[in-house]
Amino acid sequence: MASKSITGNYFEDLTPGREIVHAVPRTVTEGDQAFYIALTANRYPLACDAEFARSLGFRREVVDDLLVFHTVFGKSVPDVSLNAIANLGYADLRFGVPVYPGDTITASTKVLGWRESSAGDTGVTWVHTVGRNQHGDEVLSFIRWVLMDKRDKSTNSGVDDAPKTPATVDPKHFHIPAELDLSRFDASVTGGRAWWEDYEPGERIHHVEGVAIEEAEQQMAARLYQNIARAHFNAHALKGSRFGKRVIYGGHIISMARALSFNGLENVVRILAFNGGTHSNPTFAGDTVFAWTDVLERIDLGRPDCGALRLRLVGVKNCDPRTEEQPFKVADDQGRERYHPNVVLDLDYTVLIPRRR
Amino acid sequence: MASKSITGNYFEDLTPGREIVHAVPRTVTEGDQAFYIALTANRYPLACDAEFARSLGFRREVVDDLLVFHTVFGKSVPDVSLNAIANLGYADLRFGVPVYPGDTITASTKVLGWRESSAGDTGVTWVHTVGRNQHGDEVLSFIRWVLMDKRDKSTNSGVDDAPKTPATVDPKHFHIPAELDLSRFDASVTGGRAWWEDYEPGERIHHVEGVAIEEAEQQMAARLYQNIARAHFNAHALKGSRFGKRVIYGGHIISMARALSFNGLENVVRILAFNGGTHSNPTFAGDTVFAWTDVLERIDLGRPDCGALRLRLVGVKNCDPRTEEQPFKVADDQGRERYHPNVVLDLDYTVLIPRRR
Amino acid sequence: MASKSITGNYFEDLTPGREIVHAVPRTVTEGDQAFYIALTANRYPLACDAEFARSLGFRREVVDDLLVFHTVFGKSVPDVSLNAIANLGYADLRFGVPVYPGDTITASTKVLGWRESSAGDTGVTWVHTVGRNQHGDEVLSFIRWVLMDKRDKSTNSGVDDAPKTPATVDPKHFHIPAELDLSRFDASVTGGRAWWEDYEPGERIHHVEGVAIEEAEQQMAARLYQNIARAHFNAHALKGSRFGKRVIYGGHIISMARALSFNGLENVVRILAFNGGTHSNPTFAGDTVFAWTDVLERIDLGRPDCGALRLRLVGVKNCDPRTEEQPFKVADDQGRERYHPNVVLDLDYTVLIPRRR
């Protein structure tokens, strides 16, 4: 028998059409919910106030959307991205039925396409990952593409079979929980003063606070999701890497920026979709993260109780964009437009929010 | 519509008589209980031993008193103390009905009074905050006063309307849980050897151990309580502050000192009240915290099974007061009595403890 | 009354035959389970997948074996090892009935024997510690021996009454849970490809990943187990100690190495026993821990569904033993064989694993 431990798939291993059932399903509990709050200070009340959740028709408090995301993502790491050089982007990410504490999440991935680099030393792989609860209901699905290392850098097959990914998630794919009843929505619980109609495309909302990130926090975050990607943990090996140290799990930055965003988006009920997202620059322990939101679009869902907002959530580090000058994109030496080095997250996503009564 | 995000109230905004219902009620779960133990090593068994709790008449293990305190306090921060310069003191703090895992805590605050500084640039605000469970029962109430920043430092209204606060909580306000039955109290569970009668006013109990505090710990503590006060998180902004760095959440110091106090106060069942308390000096990451207790008073509750003890819990840093010389108060340059710079907590509080059988 | 706080037992206090019921039983909850995963990234699915646990006949997910170990161990610290200089070894450690979230663990210890040092300044104490659930069922029992400080170093009683400890745990003492039913064991859940028959004595399995350890993590780990040993916390006092700083709780290293071991041992269902174990060198914050497993023995349990494997789990620091030269033992100046300074754990233990169908 060959080596019993695995060192992960390489570009060559993830052939289009291949399907992988990820190991180690995860029962998400109120223990995970508490830990997630301790990591992020997340205040969206659907995930921390059982009474509020019940008033909206839910059985009890709901597992935070991003905790579901991280759990499914983490499941995929040993099979998909152990040898990833970078996580390049997300598309067509859709949240499904709500997850309750006690539910067990399983995940599987299908390879959608690949494109080898011209030098043949790396390649980009597109995958579609689906998370389900113990009843088989979809709780999340998304496409991501990853820059992969090759097992054999000397070969060059020239494969170039990149799939098309939608620029935004089609509203027909938005899952609005069947149990959701907004008739008793009480804004004194959220503290929110703004409704769907109040958010204007073009508007920018600064989320005010900044939060420093510690190494112990990002390690515990990634581990809570059983995400074992070495970039977040293996300080010894990383001494010889590009950055010379651990890189904060990019998903943790999404969580931190999202938690900050509560200040200004209090009435948001849930995330419907990620249209696209980029970890535009790495974050390291000691960095302080800030966030702002640009309102991109107000989407009429054809119902009187709620609508959707398409938002751009931007995370920046070591600069308070509310009070200091902070460019978003800048020209590099060759005149190409790049994210400013402080910009660590650019997430285009869509949320559900009540309409004014 | 004006800015959607909030930057917090200033001195001028908190006018006496104003009442605020704080946003984001919090369901406290066994996840929070576990996290609280990991932060503090809290060993008071009522909060970690369901069998012991049941033997005393409780339904199951009870949410630790201080976890209730931090949760209620945290709720009040966005409305009361986001622009606080310092949390000056506590008075008349009373614990109410026990909180069980699964209960949801709401909080509201009424402004009691204010006093502007003679320079008109700051002011002290007195508030009364009440926490309730989902049934509307009071779980905690307290007065605190805060040194606030002014929105407009150029005005000087000269307001001076400070409320009277009691020096100690009147025993008639002590809430002794109706379910409490001490007839089966088993000291082999607590490890305690001393009872109400054994504690002598004037006695000092050193709690022996010392615990270093890490930045990740204090951040996760404050976030667990959804306390977003920037002094604990925003390393970037704090570079330009008085201390140049993050300050440990003062409540975390209360928790650490209280957890240390188990060694010598093992039979204490619950906290009844805080008579007064001061975060006498700041604590920073890397500091090691020690604690001692001075027994102030033995209060006869007129019942045969238990009595109350009024205690002074003192937290000090970077000095082991059991083995090293550690002054409590010292004279400053002007001859005024000040806390020694190592003294980080001076808490006058009252606890419930069984009488000897 | 004498001092109310305790400073722990010394060598002289732990006389053979003495029995101690440890204080502060601990209800272990799903909050603790989540925290344990966040500390370790533990992926053995019996502890994190309720559906998998149920498919094997268990009521729900089971408390991780090592979380049970740490909890029982932590209970014994205030009575046994507060004045320990070093934890020398373990023997005859047996896991008993499974612990479920909500169970309450109590612990007691009997002193088995002692041996004073020839200089009379220290001594070795052997103790037998037993953990039980709220029904009185044994969940764990083990022998450990500890190098203890003496209360009075000037006396020298010459006591030398060391107990015999078995080199390995007799298979007749293995507790195979009555509820265990492997007929529906699904390796797609574990991701494992190897069964009892596939592990060959003499085989070495490298577990690939390495994980850095932060001070906040080890402190929170030890505190989660209410383990108050000062070596892990009291930075102030430790400035004057041999290492000048905090030492990582040795049990945390066992947990980290065990969590890493999942990669290569995925189908292991539970730990049956520790035959022996040594924290061969200290670990400090900032160290990166790696692990390998040597297969020592395949033990036929006389049943068709599963067998036992005796394994040596080795933890090393700051060297990736899969890709770098890493000696296990080396000769010291006097030619005596010692663990290489990088080797931080040498654990001889036995696990239960399904046989090939």
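His236(A) is found in helix α6 of chain A, residues 235–238 (helices are DSSP runs of H or I of at least four residues, strands are E runs of at least two, and both are numbered from the N terminus). The model is predicted: local features need pLDDT of at least 70, side-chain atom pairs count only at pLDDT 80 or more, and totals for chains, interfaces and linings use all residues. Residues are numbered from 1 along each chain as its sequence is written, chains are lettered from A and ligands numbered from 1 in the order in which they are written, and side-chain values use heavy atoms, with hydrogens and water left out.

His236(A) has 16% relative accessibility and therefore counts as buried (buried is under 20% relative accessible area, exposed over 50%, partly exposed in between, with a 1.4 Å probe and protein chains only). Leaving aside neighbours within four places in sequence, His236(A) is in contact with Thr288(C), Phe290(C), Asn318(C), Cys319(C), Asp320(C) and Glu324(C) (contact means heavy atoms within 4.5 Å). A polar atom of the His236(A) side chain lies 3.3 Å from the backbone oxygen of Asn318(C).

Two other helices of chain A are covered. In helix α5 (residues 215–224), 10 of the 10 residues are buried, so this helix is largely enclosed by the rest of the structure. Among them are Glu217(A), Met220(A) and Arg223(A). Just after α5(A), Gln226(A) takes a positive phi of about 55°. Helix α7 (residues 250–260) of chain A is mostly covered, with 11 of its 11 residues buried. These include His252(A), Met256(A) and Arg258(A).

The contact between chain A and chain C takes 35 residues from chain A and 48 residues from chain C. The two chains bury about 3,300 Å² between them, 58% of it on carbon and sulfur atoms (buried area is the accessible area, with a 1.4 Å probe, that two parts lose on being put together, summed over both). In chain A, Lys4(A), Arg223(A) and His236(A) lose the most area to chain C, together 22% of what that side buries. Chains A and C share 4 salt bridges (a side-chain nitrogen of Lys or Arg within 4 Å of a carboxyl oxygen of Asp or Glu). One of these joins Arg223(A) to Glu217(C), at 3.2 Å from N to O. On the side of chain A that touches chain C, β2 (26–27), α1 (30–40), α5 and α6 each supply at least two residues. The most, 6 residues, come from α5(A).

Chain B meets chain C in a further interface. Here the contact takes 35 residues from chain C and 48 residues from chain B. About 3,400 Å² is buried between chain C and chain B, with 58% on carbon and sulfur atoms. Lys4(C), Arg223(C) and His236(C) lose the most area on the chain C side. The count of salt bridges is 4. In one of them, Arg246(C) pairs with Glu214(B), the closest N and O atoms being 2.8 Å apart. Only 14% of the interface residues of chain C are also interface residues in chain B, so the copies meet through different surfaces.

A rotation of 120° with 0.0 Å of shift along its axis superposes chain C on chain B, with an RMSD of 0.0 Å (least squares on the C-alpha atoms of residues with pLDDT of at least 70 in both). The two copies are thus related as by a three-fold rotation axis. Of the residues of chain C, Gly31(C) comes closest to the rotation axis, its C-alpha at 2.2 Å.

Technical notes. A polar contact is a pair of N or O atoms within 3.5 Å; within protein, one must be able to donate a hydrogen and the other to accept it, and residues adjacent in sequence count only if both atoms are side-chain atoms.
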